[in-house]
Amino acid sequence: MRKHSVTRRHFLGSGIAAAGAISIWGALPANARDWEDYSTRFSRSIKNSLPEGPLKPDDEVGWKAIAKNYDVTSKITNLENGYWGLMASPVLAEYQGLTEFINKENTFFARLQWSETYRGVLEKVASFLQCDPDEIALTRGATEALQALIGGYNKLKPGDTVLYADLDYSEMKNAMHWLETRRGVKAVKLAFPEPTKERQLQEQDIIEFYEKALAANPGTKLILLTHLNNWTGLIIPVARIARIAKERGADVILDAAHSVGQVDLKLNSLGCDFIGVNLHKWVGAPIGCGVIYIKKDRMDAIDAFMGKPTAASDINGRIDTVTLNFAAHMAIPAAIAFHNKIGTAVKEARLRYLRNLWVEPVRKMKGVTVLTPDDPNMVAALTSFRLDGVVTTSANDAVTKQLAEKFGVLAVRRTGPAAGDCIRVTPSVYTSAGDVMKLVNALQSMTASL
């Protein structure tokens, strides 16, 4: 890869130069308007590497052109893209250049100009998420954001009930359970209904599940919801559940780690006042990029982080990311620009198309249950399956080992669902139809004797 040199500029001027940093596409700006100019320049620079116009989900030629922007290992067919997302090559080049810049300018930049640069990045992220910049702060990931929200939520009193579920992320389940010690509440863990070979889950099943849980736990004051969970990929009707919860006096903290960038959504349409987001999964930012969101008029519901002195309306006092990766966060606008050049809705449709390519034949196989429904409102890229009777961690590890070593396909075992472990399959925008058919052929071979 061609190395992009990063030159030093004088920082004490005004306008675009005020931000101080130089990207390979030009000076990094300090305000929202100039970030739009920056994004336009970046988009122009990648114009020739991306096909024109929105792509259809099954346009393999067009998506192959997209895939050329990703430097993917040839050692295995990677269908485990839920951990984090690859940076597109132009974004990676931007990040590498910014890393060189930060390494060279060091505290000269950090002490004198970082605040202005941070605000510019923040405003760009807020525009992408369609929220107010004062409602968000950058974090190192959704986990850090959600831990601050759960630990800081101060509307609980001893004896209250908090609800979370088996399909929530492990660290979030730990944090909700910890509230028993921190706040003296009763933490109740729910077990999601599972599909059968004959019947897929429906949205109404999820609504009724939470209605019954709230009826059985009338003292509930806080619920953790996961919009698109990392175990099975199930998307739940968050806005409807949040409305029901609020009608019964309960707040909702939302884990949107996997949904932002994977599905087309507006943050403020989800009906939740407290949200944790990742930008390094489906938006394609460098590892270590996340967002904490608190609705402006609910800031007082989250304590200052460990007594951090802060204004009542300042979200920055609700999180403390200490020394973060400056270059990673400065590369977020480039990631958003590349992501937007494809389009969230276009990306979502492609990911769901790839998912359906393997799920449709696998549903017909003997001895395999697909755990995620086909309703497009309830699934995107992530989907999990379970071989009949294979529920332990060791047994599912053996399945993923066989897939990798015998068939050259990488998937991942997930431990979380109450009914047992499962195997998660996650394509990306660089994945081809042929890639997912390798999984189908592998499972056909593995289940042939069942």
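Biologist: What is the relative accessible area of C289, and does that make C289 buried or exposed?

Modeller: Quick caveat on where this comes from: the model is predicted, local features need pLDDT of at least 70, side-chain atom pairs count only at pLDDT 80 or more, and totals for chains, interfaces and linings use all residues. Residues are numbered from 1 along each chain as its sequence is written, and side-chain values use heavy atoms, with hydrogens and water left out. Buried means under 20% relative accessible area, exposed over 50%, and partly exposed in between, with a 1.4 Å probe and protein chains only. C289 has a relative accessible area of 0%, so C289 is buried.

Biologist: How many disulfides does the rule give?

Modeller: A disulfide here is a pair of cysteine sulfur atoms within 2.5 Å. C272 is buried too, at a relative accessible area of 5%. By the sulfur rule, the number of disulfides is zero.

Biologist: Zooming out, how many of the residues of the protein count as buried, as a percentage?

Modeller: The protein has 13 helices and 15 strands, where helices (H or I, at least four residues) and strands (E, at least two) are DSSP runs numbered from the N terminus. It exposes about 18600 Å², with carbon and sulfur atoms supplying 50% of that; the areas come from the Shrake-Rupley method with a 1.4 Å probe, and for residues only the protein chains shown count as cover. Of the 450 residues, the buried share is 58%.

Biologist: What share of the contacts with a separation of 6 or more comes from residues 24 or more positions apart?

Modeller: A contact means heavy atoms within 4.5 Å. Among contacts with a separation of 6 or more, the share from residues 24 or more positions apart is 69%.

Biologist: Which parts does the pair of W114 and F326 tie together?

Modeller: The structure holds 13 aromatic pairs, meaning rings of Phe, Tyr and Trp (its six-membered ring) with centres within 6.5 Å, called stacked under 30 degrees between planes, edge-to-face over 60 and tilted for the rest. W114 and F326 make an edge-to-face pair, 4.9 Å centre to centre with 80° between the planes. W114 lies in α4 (residues 114-129) and F326 in α9 (residues 326-330), so the pair links parts 212 residues apart in sequence: helices α4 and α9.

Biologist: How many of the six residues of strand β8 are buried?

Modeller: D251, I253 and D255 point one way from β8, while V252, L254 and A256 point the other way, and all are buried. Strand β8 (residues 251-256) is therefore largely enclosed by the rest of the structure, and the number buried is six.

Biologist: What is the handedness of the β-α-β crossover from β7 to β8?

Modeller: Strands pair if DSSP finds at least two bridges between them, and β7 (residues 220-226) pairs with β8 in the parallel sense over five bridges. I223 stands opposite V252 in β8. The chain crosses from β7 through α8 (residues 238-247) to β8, and this crossover is right-handed (with the strands pointing away from the viewer, the path from the first strand over the helix to the second runs clockwise).

Biologist: Which residue in β9 is the bridge partner of L254?

Modeller: Four bridges join β8 to β9 (residues 274-278), and the two run parallel. The partner of L254 in β9 is I275.

Biologist: Which residues does R352 touch, not counting those up to four places away in sequence?

Modeller: R352 lies in helix α11 (residues 344-363) and is buried, at 13% relative accessible area. Leaving aside residues up to four places away in sequence, R352 touches P376, V379 and A380.

Biologist: At 78% relative accessibility, does M306 count as buried or exposed?

Modeller: M306 sits in the loop between β10 (290-294) and α9, and has a positive phi of about 50° although it is not a glycine. Most residues other than glycine have a negative phi. At 78% relative accessibility, M306 counts as exposed.
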